[in-house]
Amino acid sequence: MQNVLPAPDKTGLNISALHWAGFLGIAVLVLVTSGIGLPSVLVVALGVAGMATLVLSWLGIGRLAAGLPERRLYWIAVSWCAPLLVARPLFSGDINSYLAQGLIAAKGFDTYLVGPAEALGADSPVTMAVSHYWRDTPAPYGPAFVALARTIAHVAGDAFVPTVLLHRLLGLIGIVLMAWALPRLARRVGVSPSIALWLALLNPLVLWHVVAGVHNDGLMVGLMVAGLELVLMGAAKTGVARPALIAAGVIAVSAAANIKIVAVAGLLFVGVGLFRRATPAGRVAVALGLPAGFAAVTAAISLGSGLGFGWVRVLSGVSGQVHSWMAPTNELGFLVGGLGKIFGADLTDGAIKVFSLIGAIIGLAVGARLLWLTYREKLHPLYGAGLTFAAMLVLGPVVQPWYLLWTVALLAVSLTTDRGRRLLVVVSAVFGVLLPPANGGAVSLALGYLIAIVLVGGTLFLLERKGLLPEIRLRKSRT
């Protein structure tokens with residue numbers, strides 16, 4: 001007799017099966033990357049298979065997310081994060097740069113003038129662990145993050161494991177802030193809070209690049225969305241403003257921008273939205289108060305930390321020194337450079353600079369247009385800010401998978417159409433398996449991904465044949 005599983009419901013078998021399948025995929029990833037001595041091709045194959053299992057489980061949960069209680073999604077988030085807390089740093093070596101920058105600041109050097117090689121010595125184990133791209137470059141981050149990295153360095157010294165755990169704690173703080181703010185922001189726009197939590201909080205990019213990858217984008221995004229919620233709470237529709245909440249929100253978003261300056265876009269768009277709806281006196285308060293608050297918080301962090309304003313000088317120069325292969329503008333530059341080599345000309349660097357400049361000009365025009373549409377109330381401020389972050393990724397000179405978190409967090413709470421949400425889901429899923437969990441040659445990577453495809457595809461086929469693959473009812477998402 002054929003094995004028929006019961007139909008799923010909002011608390012039924014399918015969600016539990018998907019939940020624990022995702023947990024299993026994460027556990028496999030953590031195990032095979034733990035240094036147990038597997039050949040690199042198997043590390044890639046099994047690691048990617050685990051990543052794909054998580055992504056597929058996440059996609060399956062998304063089909064039922066609208067009917068799930070928020071507490072169920074919080075529990076899934078906690079259980080999925082747990083194994084990654086003990087994982088090696090994955091997908092990036094940026095944590096090594098964080099360690100070096102913290103030590104440089106702790107030793108009294110100006111992190112915005114010198115790089116690890118000059119401050120710590122070219123032969124220092126800490127310097128050697130930093131990617132060669134960043135050994136001679138100053139810190140590209142704002143003073144809030146450098147001050148935190150310095151504090152961690154005072155506590156942990158150059159010990160790697162405690163440094164990783166303390167930086168992971170910062171990422172978890174950002175995730176908790178996201179968990180608090182996302183459903184509240186979603187309700188303001190009329191989006192299902194459960195869908196927003198599924199799309200942003202449970203997103204594989206959060207797991208891979210905030211928890212496992214230990215990137216400071218998690219804390220930045222958490223502070224930004226929590227700050228925006230506080231600002232909107234303070235500027236209630238009833239017209240009764242609560243200055244203390246607005247001030248707390250401005251402080252939080254300004255702190256986020258003092259980690260990565262891009263966070264200021266969120267405050268700019270929300271400020272424009274508040275300005276549009278305010279009374280004449282209120283417009284004066286918004287136009288003067290928000291920029292003054294941001295400037296005051298920035299000055300307090302820069303001067304109070306003793307790091308000064310050197311970070312402003314390096315904003316545009318450091319990250320762009322590495323030609324990111326994921327950036328569309330760089331891809332055009334590489335294409336022109338490749339054509340130039342046919343004729344014996346080295347055009348790559350020049351072409352990348354030209355296309356980056358064109359991208360910056362178009363990006364400014366797009367951002368201005370989105371601001372205008374927000375002012376005219378054609379776009380919700382959160383949606384306008386999310387689209388601006390997306391434009392930064394498409395037109396900017398540097399793109400990394402974890403940068404997608406900037407736009408995912410705001411679009412998750414402001415997208416009101418299934419079509420737009422599907423696009424965001426597809427992008428998240430693709431980038432969720434794009435970076436391999438281990439380094440290796442081209443042959444090892446290609447063979448590893450091929451084996452992973454066979455493993456995952458074969459497993460799904462067998463489960464389907466045996467009737468053990470739960471059928472998922474499609475539900476219309478409630479916005």
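**Two helices crossing**

Reply: Helix 8 makes a left-handed crossing with helix 11; left-handed means the near helix is turned anticlockwise from the far one by less than a right angle, while clockwise is right-handed. Helices are DSSP runs (H or I, at least four residues), numbered from the N terminus. This is a predicted model, where local features need pLDDT of at least 70, side-chain atom pairs count only at pLDDT 80 or more, and totals for chains, interfaces and linings use all residues. Residues are numbered from 1 along each chain as its sequence is written, and side-chain values use heavy atoms, leaving out hydrogens and water.

Me: At roughly what angle do the axes of helix 8 and helix 11 cross?

Reply: Axes are lines fitted to C-alpha atoms, for helices over the stretch in contact, with angles from 0 to 180 degrees between N-to-C directions. Here helix 8 (residues 160-189) and helix 11 (residues 217-234) cross at roughly 35°, their axes coming within 7 Å.

Me: Which residues in helix 8 and helix 11 meet?

Reply: Contact means heavy atoms within 4.5 Å. Among them, Leu170 and Ile173 in helix 8 meet residues of helix 11 including Val221 and Leu228.

Me: Is Ala368 partly exposed or buried, and why?

Reply: Buried means under 20% relative accessible area, exposed over 50%, and partly exposed in between (1.4 Å probe, protein chains only). Ala368 counts as partly exposed because its relative accessibility is 46%. Ala368 lies in helix 17 (residues 348-375).

Me: How far apart are Ala368 and Ala285?

Reply: They are 83 residues apart in sequence and 22 Å apart in space, C-alpha to C-alpha.

Me: And what does Leu84 contact?

Reply: Beyond neighbours within four places in sequence, Leu84 is in contact with residues including Ile26, Val30 and Trp208.
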